[in-house]
Amino acid sequence: QVQLVESGGGLVQPGGSLRLSCVVSGSGFSINLMGWYRQAPGKQRDMVATISTGGTTNYDDSVKGRFTISRDNAKNTVYLQMNSLQPEDTAVYFCNAELFDFRLSYHRTYWGKGALVTVSS
């Protein structure tokens with residue numbers, strides 16, 4: 001059974017930093033695109049950053065220069081380093097991974113349960 005588990009959320013003051021981690025557990029698959037999305041109260045879930053297997057990254061304009069996505073393919077883990085955090089970054093952050101199931105021969109997208117990030121003084 002595939003599971004995505006996020007960690008590293010919490011409360012931070014404006015200008016501070018946090019690092020989110022997401023581990024993909026299970027077997028019988030390969031991981032393609034991984035990413036982070038966020039959903040603020042009353043708003044839709046939006047893409048924050050994505051990273052391909054080869055390391056190609058894509059960022060939402062609102063986080064460019066402040067957030068960095070990376071991955072460790074050997075550990076099935078994706079990270080999001082968040083610097084210069086602002087109150088508008090407050091949201092639940094969700095990990096996302098596109099997996100290829102070897103047995104069923106198809107791609108499927110999985111989501112973590114989310115990690116709350118609160119930026120407040």
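1. The protein exposes about 6,600 Å², of which carbon and sulfur atoms supply 47%; accessible areas come from the Shrake-Rupley method with a 1.4 Å probe, and for residues only the protein chains shown count as cover. This is a predicted model, in which local features need pLDDT of at least 70 and side-chain atom pairs count only at pLDDT 80 or more, while totals for chains, interfaces and linings use all residues. Residues are numbered from 1 along each chain as its sequence is written, and side-chain values use heavy atoms, with hydrogens and water left out.

2. On secondary structure, the protein has zero helices and 11 strands, where helices (H or I, at least four residues) and strands (E, at least two) are DSSP runs numbered from the N terminus.

3. On overall dimensions, the C-alpha trace of the protein spans about 50 × 25 × 25 Å along its principal axes. The radius of gyration is 14 Å, which agrees with the value near 14 Å for a compact globule of 121 residues; the radius is taken over C-alpha atoms, and the globule rule is 2.2 Å times the number of residues to the power 0.38.

4. Of the 121 residues, 39% count as buried, a term that means under 20% relative accessible area, as against exposed at over 50% and partly exposed in between (1.4 Å probe, protein chains only). Among contacts (heavy atoms within 4.5 Å) between residues at least 6 apart in sequence, 55% join residues at least 24 apart.

5. Arginine 38 lies in strand 4, which covers residues 29-39, and counts as buried because its relative accessibility is 14%. Its side chain makes a polar contact of 3.2 Å with the side chain of serine 62, and another polar contact, of 3.0 Å, joins the side chains of arginine 38 and aspartate 89. A polar contact here is a pair of N or O atoms within 3.5 Å; within protein, one must be able to donate a hydrogen and the other to accept it, and residues adjacent in sequence count only if both atoms are side-chain atoms. Leaving aside neighbours within four places in sequence, the residues in contact with arginine 38 include Phe67, Val92 and Tyr93.

6. Leucine 85 belongs to the loop between strand 8 (77-82) and strand 9 (91-101), and it is buried, with a relative accessible area of 0%. Leucine 85 and arginine 66 are 19 residues apart in sequence and 7.8 Å apart in space, C-alpha to C-alpha. Beyond four places in sequence, leucine 85 is in contact with residues including Val12, Leu18, Arg66, Phe67 and Val119.
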